[in-house]
Amino acid sequence: MTESAESQFQQAQLFLKSNPPAYAAALPFLQNAAAAGHAEAAFQLGGCILYGMGTEPNHVQATYWLKVAADNGHQTARYNLALLREGNGIHEDDIVPIYLQLAEEGYLDAQIRLMHYYAEHGDSRAVIWAQKAAERHHPHAQLFLAQHHQNGQTPDLPTAHMLYQQAAAQGMVYAHWQLANQFLYGQGVAQNDTQALYHLRIAAKANIAPAQTALAKLLLEGKHIEAAPEEAIKWLNKAVRRHDNDARALLAHQYMIGIHLERDYKQAAFYALQAARHNHPEALRLLGDIYQYGLGIPASPQKARRYYERAAKHGDLTARHKLLLADALQHTNHSEYSTEHIEYHRTAERNYQAGFAHHYGIGCPQDYASAIMFYNLAASSGHAKAQTNLGMMYYNGQGVAANHRQAAYWFLQAAHQGDTIAQYNIACLCHRGLGVPQNTAAACSWLQTAIDNGHEHPDQLRAIMAQWQSA
């Protein structure tokens with residue numbers, strides 16, 4: 001590279017750094033410098049032409065100059081050329097060797113790309129590249145490793161907590177949400193509502209709807225912090241606008257009890273109905289109460305019973321008790337809602353909660369073996385959420401050897417009971433042929449079933465189904 005090339009490049013920079021940038025004026029200088037072997041000039045020229053800055057977009061010319069930069073040792077040009085090839089339909093498996101070479105040279109973006117690539121393929125090399133990128137303080141790598149240590153085959157909650165803190169310090173909002181949960185439930189750290197409140201506020205302000213709901217609940221309860229019901233209601237309304245069903249059910253409850261909001265049964269029914277469409281157990285029970293006692297609408301014991309039955313089906317024990325009481329008052333005997341049957345389900349729920357606590361280290365040490373034992377007890381009793389979570393443990397190899405057939409078995413048990421997460425999971429297994437025969441039609445059918453049964457993210461499932469069908 002000649003001194004003239006550097007001079008031409010510097011002249012181009014003057015135009016590019018002006019406000020606003022004078023791209024058209026910079027292009028001739030970039031071209032002269034690039035033609036003389038200036039790698040950075042060739043890279044910038046390729047970018048300008050690719051995105052039509054100061055000229056008409058021209059993919060062929062842009063690729064040419066990026067290749068000139070790459071041939072002159074420009075790593076980012078090599079990386080961008082690989083991305084362009086991938087975007088042009090070249091299979092990612094054929095691009096991986098380029099990413100590998102760059103990653104081994106220490107190119108950080110390539111290491112992150114490989115982390116995601118191997119994670120998508122269930123390859124343990126994802127962790128290796130995440131570790132290399134995390135050593136250079138990349139927040140996405142820190143977040144990935146934190147989740148690996150929290151949910152991996154050998155969980156390590158203190159290390160996960162440290163990594164979440166590092167990622168959060170670099171502005172990773174999802175890390176704040178995870179830290180909030182750790183402090184809320186004592187996952188690897190002492191339970192601390194004040195710390196949870198700090199992290200929840202950050203996640204809530206970033207429009208993470210479950211964080212907004214959790215923040216509202218914390219502010220309403222005011223157990224170890226000062227209650228702030230007015231602020232809580234504002235966060236609930238924000239979460240409702242983001243279609244969070246827990247927020248809808250909690251807001252419905254607030255309208256029902258009339259403590260922090262003026263009692264309004266019609267509003268309660270409105271929000272409860274929105275969540276009930278997604279089979280939210282508490283919302284279904286609230287609707288049962290509204291119809292049972294004629295709150296704001298004519299009473300209808302028949303409709304009330306249907307809502308109570310749906311709530312009970314989806315795990316609400318209070319709804320089961322209400323059905324038992326109704327049967328006792330009417331001197332009818334539905335064995336499904338007998339005292340013995342309710343105790344059977346109560347025991348299943350206790351086992352599920354114990355499994356969940358050990359699975360995620362909530363209020364106790366994280367222990368996959370105990371989680372599997374309790375989940376098995378609950379799942380064998382027909383507890384759909386326990387079946388789904390047990391399937392996930394077999395799928396991820398948590399506390400047991402990874403076993404896609406066992407995962408598929410438990411997902412199917414829960415899916416047939418209407419659990420939409422299990423229906424989505426078995427759809428993914430059918431699509432990929434893991435644990436079950438590959439069957440795209442069956443996969444799409446399960447996705448549609450999940451949508452019909454009120455999955456929380458139907459639009460995302462429709463997009464996945466369209467992608468599978470087109471492929």
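The protein carries 34 positive and 39 negative side chains, and the centres of the two sets lie 7 Å apart. In this count Lys and Arg are positive and Asp and Glu negative, while His and the chain ends are not counted; the place of a charge is NZ of Lys, CZ of Arg, CG of Asp or CD of Glu. The model is predicted: local features need pLDDT of at least 70, and side-chain atom pairs count only at pLDDT 80 or more, whereas totals for chains, interfaces and linings use all residues. Residues are numbered from 1 along each chain as its sequence is written, and side-chain values use heavy atoms, with hydrogens and water left out.

The secondary structure consists of 26 helices and zero strands. Helices (H or I, at least four residues) and strands (E, at least two) are DSSP runs, numbered from the N terminus. The C-alpha trace spans about 100 × 50 × 45 Å along its principal axes. Of the 471 residues, 47% are buried. Buried means under 20% relative accessible area, exposed over 50%, and partly exposed in between (1.4 Å probe, protein chains only). Among contacts (heavy atoms within 4.5 Å) with a separation of 6 or more, 45% join residues 24 or more positions apart.

Q13 counts as buried because its relative accessibility is 11%. With neighbours within four places in sequence left aside, Q13 is in contact with L30 and Q44.

L30 is also one of the buried residues of α2, together with A26, L27, A33 and A34. The cover over these buried residues includes α1, α3 (39-51) and α4 (59-71). Helix α2 (residues 23-35) has 13 residues and should span 18 Å at 1.5 Å a residue; its end C-alpha atoms are 18 Å apart, which agrees. The expected span is 1.5 Å times one less than the number of residues. Just after α2, G37 takes a positive phi of about 100 degrees.

Helix α5 (residues 75-87) includes G87. G87 counts as exposed, because its relative accessibility is 64%. Between G87 and H416 there are 329 residues in sequence and 39 Å in space, C-alpha to C-alpha.
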